[in-house]
Amino acid sequence: MTTNTAPTVKNASAPRNDEAAGEAVTLPGARPGADRPAPERGRTSIAEVVVVKVAGMAAREVPGVHDMGGGISRTIGVVRERVPGGRPNVGRGVKVEVGEVQAAIDLDLVVEYGVPIMEVAQDVRENVVAAVERVTGLEVVEVNIGVNDVHLPDDDREAQDGGPRVE
């Protein structure tokens with residue numbers, strides 16, 4: 001007696017009589033395990049860098065966010081962006097912990113002067129949670145936000161002029 005491990009299905013096109021009803025038919029070319037639902041046929045892992053980039057992009061989309069990262073990382077980022085071929089680091093100011101089904105995110109923000117910081121932080125939190133959960137399928141358990149600096153209008157003028165206005 002041989003054992004067939006291929007999945008079986010009821011033969012819907014077979015004639016309906018007492019002997020044929022409920023008879024199992026083997027599908028040609030069927031593979032073992034093909035009868036399992038797709039979600040059970042493997043494992044998906046999401047790298048931390050994926051969550052970092054999604055969270056960084058989502059945080060930057062919120063009005064009132066000028067930049068991200070601490071002082072030194074922003075300085076290095078500006079230099080890096082000015083180098084030919086350099087591109088912005090969307091992960092600057094983002095730290096994550098990623099598990100199999102959950103993620104925790106820490107963000108360092110620089111906000112524009114005059115915006116309500118608590119409202120901007122709440123908007124950032126909501127946008128980051130929505131984006132990360134939609135894109136990755138991970139549950140975001142927390143988004144901690146640190147506001148490290150406020151961008152002043154005079155900061156742009158000094159950068160354009162190449163130095164302070166007063167000597």
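Biologist: In which strand does Glu142 lie?

Modeller: Glu142 lies in strand β6, residues 139-151. Strands (E, at least two residues) and helices (H or I, at least four) are DSSP runs, numbered from the N terminus. This is a predicted model, in which local features need pLDDT of at least 70 and side-chain atom pairs count only at pLDDT 80 or more, while totals for chains, interfaces and linings use all residues. Residues are numbered from 1 along each chain as its sequence is written, and side-chain values use heavy atoms, with hydrogens and water left out.

Biologist: Why does Glu142 count as partly exposed?

Modeller: Buried means under 20% relative accessible area, exposed means over 50%, and partly exposed lies in between (1.4 Å probe, protein chains only). Glu142 counts as partly exposed because its relative accessibility is 39%. Gln122, in helix α3 (residues 117-136), is also partly exposed, at 35%.

Biologist: Which residues gather with Glu142 in a patch of negative charge?

Modeller: Patches are made of residues with over 30% relative accessible area and no salt bridge, and like charges are joined within 9 Å. Asp and Glu count as negative, and the place of the charge is taken as CG of Asp or CD of Glu. Here Glu48, Glu97 and Asp106 gather with Glu142 on the surface.

Biologist: How many salt bridges does a search of the whole structure find?

Modeller: A salt bridge is a side-chain nitrogen of Lys or Arg within 4 Å of a carboxyl oxygen of Asp or Glu. The search finds two. One joins the side chains of Arg92 and Asp67 at 2.8 Å, N to O. This pair links distant parts of the chain, 25 residues apart: Arg92 is in the loop between α2 (71-82) and β4 (94-98), and Asp67 is in strand β3 (residues 65-68). Arg92 counts as buried at 9% relative accessibility, and Asp67 counts as buried at 16%.

Biologist: Where do Lys95 and Asp108 lie?

Modeller: The side chains of Lys95 and Asp108 meet in a salt bridge of 3.6 Å, N to O. Lys95 lies in strand β4 and Asp108 in strand β5 (residues 102-112), so the pair ties together parts that are 13 residues apart in sequence.

Biologist: How many bridges join β4 to β5?

Modeller: Two strands pair if DSSP finds at least two bridges between them. Five bridges join β4 to β5, and these strands run antiparallel. A hairpin of three residues connects β4 to β5, and Val94 has Leu107 in β5 as its bridge partner.

Terms used:
Patch = residues over 30% accessible without salt bridge, like charges linked within 9 Å, V, L, I, M, F, W, Y side chains within 5 Å. Areas by Shrake-Rupley, 256 points an atom, 1.4 Å probe, with all protein chains shown as cover.
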